[in-house]
Amino acid sequence: MTRSARVRVVIDGRFVLDEADLHRRMVASLGYGPLYRHDLASLHERLAAGDPRPLCLTWTHAAAIRLALGRPGYDKYVAALESIEAQDAEKLWYERFVLQIYEE
């Protein structure tokens with residue numbers, strides 16, 4: 001079996017304008033293409049299905065993302081991403097989704 005290198009996606013919250021912008025940035029990094037629906041349900045569906053793996057998604061300046069999405073929206077995204085991370089917790093490193101959130 002061939003193991004691919006970990007995909008690292010870093011989203012700098014200082015440049016996220018709103019939810020649509022967050023999706024544009026992630027889609028560009030993940031290569032989801034024109035049929036991706038740009039919403040939380042689609043993101044969760046793709047990531048929960050293991051597309052791509054291994055993946056390390058990092059949000060820096062998370063307070064700015066929280067401001068751009070609003071607290072309820074931000075909390076929904078974090079909960080969805082954390083549920084995917086928990087689902088993958090027992091998998092081997094090359095099958096795992098890892099979420100890192102930094103306030104600065």
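Asp 75 counts as partly exposed in this predicted model, because its relative accessibility is 36%, a value that falls between the limits of 20% for buried and 50% for exposed. The side chain of Asp 75 meets that of Arg 71 in a salt bridge, with a distance of 3.2 Å from N to O. The two residues are 4 residues apart in helix H4, so about one helical turn separates them.

**Salt bridges**

- Side chains of opposite charge can pair when their charged atoms come close.
- The count of salt bridges in the model comes to 9, and the pair formed by Asp 75 and Arg 71 is one of the bridges found.
- Within helix H1, Asp 21 and Arg 24 lie 3 residues apart, about one turn of the helix, and their side chains meet in a salt bridge of 3.6 Å from N to O.
- Asp 21 is buried because its relative accessible area, 7%, is under 20%, whereas Arg 24 is partly exposed, with a relative accessible area of 46%.
- Asp 21 and Arg 24 also belong, together with Arg 25, to a network of linked salt bridges.
- Glu 45 forms a salt bridge with Arg 37, the closest N and O atoms being 3.8 Å apart, and Arg 37 is exposed, with a relative accessible area of 52%.

**Asp 12 in strand E1**

- Asp 12 is located in strand E1 and counts as buried, because its relative accessibility of 19% is under the limit of 20%.
- The side chain of Asp 12 is joined to that of Arg 14 by a polar contact of 2.5 Å.
- When neighbours within four places in sequence are left aside, Asp 12 is in contact with Thr 60 and His 61.

**Nonpolar core**

- The largest nonpolar core has 26 residues, and the residues with the most contacts inside this core are Ile 11, Leu 43, Leu 57 and Trp 59.
- With residues up to four places away in sequence not counted, Leu 57 touches Val 9, Ile 11, Met 26, Leu 81, Phe 97, Val 98, Leu 99 and Gln 100.

Methods. Residues are numbered from 1 along each chain as its sequence is written. This is a predicted model: local features need pLDDT of at least 70, side-chain atom pairs count only at pLDDT 80 or more; totals for chains, interfaces and linings use all residues. Side-chain values use heavy atoms; hydrogens and water are left out. A nonpolar core is a set of buried Ala, Val, Leu, Ile, Met, Phe, Trp, Tyr and Cys residues joined through side-chain atoms within 4.5 Å. Buried means under 20% relative accessible area, exposed over 50%, partly exposed in between (1.4 Å probe, protein chains only). Contact means heavy atoms within 4.5 Å. A polar contact is a pair of N or O atoms within 3.5 Å; within protein, one must be able to donate a hydrogen and the other to accept it, and residues adjacent in sequence count only if both atoms are side-chain atoms. A salt bridge is a side-chain nitrogen of Lys or Arg within 4 Å of a carboxyl oxygen of Asp or Glu.
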